[in-house]
Amino acid sequence: MQNKTRYFHSIEFIVMASTIANMPLNVGTIKGLDCRSYGNFKPNALPIRPSVSTLPYRCMFVVKASTSDGPMKKLGRSDAECEAAVVAGNIPEAPPVPPIPSSPAGTPVVPSFEISRRPRRNRRSPVLRSAFQETSLSPANFVYPLFIHEGEEDTPIGAMPGCYRLGWRHGLLEEVSKARDVGVNSIVLFPKVPDALKTPTGDEAYNDSGLVPRTIRLLKDKYPDLIIYTDVALDPYSSDGHDGIVREDGVIMNDETVHQLCKQAVSQARAGADVVSPSDMMDGRVGAIRSALDAEGFQHVSIMSYTAKYASSFYGPFREALDSNPRFGDKKTYQMNPANYREALIELRADESEGADILLVKPGLPYLDVIRLLRDNSPLPIAAYQVSGEYSMIKAGGVLKMIDEEKVMLESLMCLRRAGADIILTYFALQAARSLCGEK
């Protein structure tokens, strides 16, 4: 028999130790190992090759059936000679059939179920699970919401750990650079507007020298290929804190508000925005904005409509970030009722017919059914907004050690993708992308 290197399944022993030492190992004393079943696997005659693990005070001893680490030595035979040897019964050596793993003591002996379909077969190894995974998650799926203000310093947002109002000329550029380094090349801007510039009609929203247009021009000058989404709504600019103009009896005026939104969208497009995103929930605003953009020569600028934006309690931390809480009342006369599902189809059909390019659902995780509804009823790309309340709950749970923050973060994002979202607006964009890229 040829003296070839034999490769058997490795037996790994994790030994707690403070030093690494070469020492003989009495294989015959290892519980559960029948050396006779391994042919020429000789007890008491195996050298130990220690390799250090990354854990402190631990070393790993890997036992193999041969002291040779290289590939099997070639014998210089032709294909015909190798085949003739096999035909003659001279079968080359190979590792033996692995032994059947033993069950723990006390395991009941039962006959195998007579079932042909066992779904667990496709889950039994990481390679198979990866091969059959139906949904993927990548930094390219993320749009990074960023808060900006006129100041030079970055101001932490108390209700959103890890998030800041970024100085538009300094901190913002640094944050965008970090995101691009890990594959996140889409952002959406939200401005903190000085109170002195807020008015009942929100005229600052379409000031070409305002905070958002200036920021867009700066970013496009620095990063021409950066995709910039903008928010189209009056609440950051309104002295009343609502998404539209408020009549003296408290009614939010629809058509007059849309007139202002059209000017805002054109101003943002003029500065270089790639996607304008009306989040106001006024009726007819998508069609009006599309017409206004086209009339000014911005046919290439996309519209991401907040198609199903609910009057949710998950927005609290965001409103703190922008200091944009309504001065009175709530937003239930224009944002959707959280109890409604079919109503989203009405908004979907309206936005599609008016020329929307992307349809968004907000919030995200509590409204997975609505994301799926839009996905099943429209060929357009679907966006989901993992809002500030969702972000802050995961962060709080992680700080309190009630959950594994990183795992829950990635699972929540994967769930949004599985429900049908093509892109996700998430404050976790940078953190999640780093995690997906293997960074800590």
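Student: What makes the backbone oxygen of V301 and the side chain of R290 a polar contact?

Tutor: In this predicted model, the backbone oxygen of V301 lies 2.9 Å from a polar atom of the R290 side chain, and because a polar contact is a pair of N or O atoms within 3.5 Å, one able to donate a hydrogen and the other to accept it, the pair counts as one.

Student: Why is R290 called buried?

Tutor: R290 has a relative accessibility of 12%, and buried means under 20%, so R290 falls on the buried side of that cut-off. R290 lies in helix 6, which covers residues 285-295, and, leaving aside neighbours within four places in sequence, its contacts include F298, Q299, S302, E354 and D357.

Student: Which other residues of helix 6 are buried, and what do the buried residues pack against?

Tutor: Besides R290, the buried residues of helix 6 include R285, V286, G287, I289, A292 and L293. The buried residues of this helix pack against strand 8, helix 5, strand 11, strand 12 and helix 8. Helix 6 is followed by G297, whose phi is positive, near 90°.

Student: How do you know whether C262 is buried or exposed?

Tutor: The relative accessible area of C262 is 12%, and since the limit for buried is under 20%, C262 is therefore buried. C262 is found in helix 5, residues 254-271, and, not counting residues up to four places away in sequence, C262 touches A288, I289 and A292. C262 and Y206 are 56 residues apart in sequence, while their C-alpha atoms are 8.9 Å apart in space.

Student: Why is V399 called exposed?

Tutor: V399, whose place is in helix 10, has a relative accessibility of 62%, and exposed means over 50%, so V399 counts as exposed. V399 also belongs to a nonpolar patch on the surface, formed with L400, M402 and I403, and together these residues have about 430 Å² of accessible area.

Student: How do you know that the span of helix 11 is close to what is expected?

Tutor: Helix 11, residues 405-419, has 15 residues and reaches 21 Å from its first C-alpha to its last. The expected span is 1.5 Å times one less than the number of residues, which for this helix is 21 Å, so the two values are close.

Student: What is found at the start of helix 11, and what follows the helix?

Tutor: At the start, a side-chain oxygen of D404 reaches to within 3.3 Å of the backbone nitrogen of E406, and because the cut-off for a polar contact is 3.5 Å, this distance falls inside it. After the helix comes G420, whose phi is positive, near 130°.

Student: Which residues of helix 11 are buried, and what covers them?

Tutor: Among the buried residues of helix 11 are E405, M409, L413, L416 and R417. The cover over the buried residues includes strand 4, helix 9, strand 14, helix 10, strand 15 and helix 12.

Student: Why is S312 called buried?

Tutor: S312 has a relative accessible area of 10%, and buried means under 20%, so S312 is buried. S312 is found in the loop between strand 12 and helix 7, where its side chain reaches the backbone nitrogen of F314 at 2.9 Å. Not counting residues up to four places away in sequence, S312 touches Q335, P363 and Y367.

Definitions and conventions: Residues numbered from 1 in each chain as written. Predicted model: local features only at pLDDT ≥ 70, side-chain atom pairs only at ≥ 80, totals over all residues. Heavy atoms only, no water. Helix = DSSP H or I, 4+ residues; strand = E, 2+ residues; numbered from the N terminus. Buried < 20%, exposed > 50% of the residue type's maximum accessible area, 1.4 Å probe, protein only. Contact = heavy atoms within 4.5 Å. Patch = residues over 30% accessible without salt bridge, like charges linked within 9 Å, V, L, I, M, F, W, Y side chains within 5 Å. Areas by Shrake-Rupley, 256 points an atom, 1.4 Å probe, with all protein chains shown as cover. Salt bridge = Lys/Arg side-chain N within 4 Å of Asp/Glu carboxyl O.
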